[in-house]
Amino acid sequence: MSKKKELAIITMSEATNHLFKEQLTEVLKDKVNIVGYVINDLEEVVQVDLILSTNSLNGKVNKYVSKDSEVVFARRSLDISSLEKLIKISTGKQVLLVNNTKLAAQETETILKEAGIDHIELILSYPGKEVDDEIKLAITPEEVEYVPEGVEQIIDIGSRVLDLTTIVEVLIKLNLLDEKANLLVSKHIRQLVKLNKELDTNIKKVEKANKMLETVINHVHDGIIYINKREEVEVFNQMAEDFFEIKAEDVINKNVVDKVPNTKLHQVLRTGLEDINALQNVGDKKIVTTRVLVKQDEAIIGALATFKDITEVKKLEQNLRKKLKDKGHIAKYRFNDIIGESEAINKAIKKAKNLAKSESTILIQGESGTGKELFAQAIHNYSNRAEASFVAINCAAIPESLLESELFGYEDGAFTGAKKGGRPGVFEQAHTGTIFLDEIGDMPLNIQTRLLRVLQEKEVMRIGATKVAPIDIRVIAATNKDLKRLINENKFREDLYYRLNVLPLEIPNLNNRREDIPLLINFFLQRFNREDLVITKGTMSKLYNYNWEGNIRELENCVEYITQTCNNKVRLDALPPYLKNNHRINDGDLDELEKIKVDLKELGDIIEYKLILNELYLAKQLDEHIGRREIAKSAKINEVQLSSQMVRSRLKKLEKQGLVKIGRGRQGTEITDKGIQILKKLNS
Ligand SMILES: Nc1ncnc2c1ncn2[C@@H]1O[C@H](COP(=O)(O)OP(=O)(O)OP(=O)(O)O)[C@@H](O)[C@H]1O
């Protein structure tokens, strides 16, 4: 039996020696005697067939080698499975590569690079080398003891094993290749295949994620541009291509400043100042854009811009408004459209504007035709919900049998004749907007109960449904009925009244703001395109004094009648018959001040009367007399056009109402107690 071959392993450390021995024993089994030496322990030449040592001992090991022994210097590799941990480190990060010597560190670096680890910046670290103490992550092949202090995370990639070529060389040198080669190579190939499979799965996963990301990026309706730290474009999606009319392939990896017009993205990188929803002009287009820094582990790695073409946004908005308009779900009136300069209407407008800004339910009360719906629309347009829908429903105009389904909607098959697929009610249609419930006093009691639930729960259940849908609406209700009276008659639920009457708003009737009548007449004449019509004084006086029970709607109808029947002058006989015959102003309906005002206005302006009464009052307080001429003088000073003749005629009118007493000769005229009372009312 031939003598067993002998192999000596000479290394610098015990650990490496042990590792090599283990690896070679697995291959050589008992065919070879393996002895290990740590170089520092060696004193004499080693007599063996072959010596295996490491590159770092090249030059040192020779003195222990006999003439007939050969030396193989080990080439080393890493355990492939440890690489996976490195792939996960973020790109561009600085990492210490720690080994016991410079050479070992260089070798490990080469091994890592060859294995494809090139996305991180490796800083070699070994005893005696100064490294930046800001670097907190270290990689080491089982040489943890050399990792500098201050490093917070260590990735141990395991020791560097003998690579296949070294093992084959050892086998050749020992003349054992024939027997072992196949076994060895197949084991290595198995390992490689396993690694490849793992890598392949990883690559596929990454590819899949990338593909998905690309699809998403290209399908969003916003333009997206991403540049890296070097200001090179890395992402330029489909919308960006369409907007700039530039192909992505022409800009990718190119400098953004050179390729994308008007870009400000590089400035975000340079200054660190981000823009959120900024408006920007690009050529003749307008965009809203957001530009932000992109960070990874606190370090800035690039900048991202997303933008939307505003013309597109405007179109979408217009489309939406058109759709709402087509459905009638739009409020067209604003406060500016409410005609009137009287104190009463101005007060109502001021209050309505205040109420508009709150979110609570508003109850508008006022006689029929006073403009309650006009106010409801103006409130909606003045509120934060102006862009959303305004859905109006007249509770009196819809038959009771239909009202419930109109309000709450119904599910498919809820009743015979129900539309397939069901239908949303006005509450759902008004979602995020305002619902206007006109003539709420006419709502049947059973529907009032359902409405109360909707208002309390803020959710609606369609007829025949089992699920509720949450709704976000603002309710404006209106009525011309006395709801308190209806409550007493058990026709209106008291709890619903209090739910609705959170913010009450009273719209004045026309008889209480007669001074707006001429304005309104002119407005309606314009609307009917009949500004050419001249209304005679007598006719105007008639219209002024008429008892407008139907309020503005009645006045509007009256003006329409005139426009149909008159050519140029509107005389008394041109008025609608009902207006000519009866409906004279009902004295009992007007309070005293109104009656007096109406009478006085037949001749001159209230301002003139106020001035005259004021002068008389002043004289009375000073215990003096004042004549027509002096009153006319004061009028001039106050820029009121009144001759002493005019003062005379007006004083007569005032006397008829018992407001003044005209004295004879130098006695002059005196204001009466009633006159003082009325003057105070006029001045308030
Ligand atoms: N101040 C105003 N200025 C101009 N037009 C007005 C004004 N007020 C009301 N109108 C017009 O009068 C008509 C009646 O108004 P609206 O329908 O708003 O009244 P309403 O109080 O809701 O009536 P109803 O109680 O009968 O439902 C409408 O044609 C409206 O355009």
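Which residues are the closest to the ligand? The model is predicted; local features need pLDDT of at least 70, side-chain atom pairs count only at pLDDT 80 or more, and totals for chains, interfaces and linings use all residues. Residues are numbered from 1 along each chain as its sequence is written.

**View 1. The shell around the ligand.** Ile339, Gly371, Lys372, Glu373 and Leu374 are the closest of the 16 residues that surround the ligand (C-beta atom, placed from the backbone, within 6 Å of it). The shell divides into 4 nonpolar, 7 polar and 5 charged residues (Asp, Glu, Lys and Arg count as charged; Gly is among the polar). Helices H12 (372–382) and H20 (551–565) each supply at least two shell residues (helices are DSSP runs, H or I, of at least four residues, and strands are E runs of at least two, numbered from the N terminus).

**View 2. Helix H20.** Buried residues of H20 are Asn551, Ile552, Glu554, Leu555, Cys558, Val559 and Ile562 (buried: 20 or more other C-beta atoms within 10 Å of its own; exposed: 12 or fewer; partly exposed in between; C-beta atoms placed from the backbone). They cover an arc of only 160° around the axis, which puts them on the same side of H20 (the arc is that of the directions from the helix axis to the C-beta atoms).

**View 3. Helix H3 (residues 102–114).** Ala104, Ala105, Glu107, Thr108 and Leu112 are buried in H3. These residues fall within an arc of 160° seen down the axis, so they line one face of the helix. Exposed Thr110, Lys113 and Glu114 sit on the face turned away from the buried side. After H3 comes Gly116, with a positive phi near 95°.
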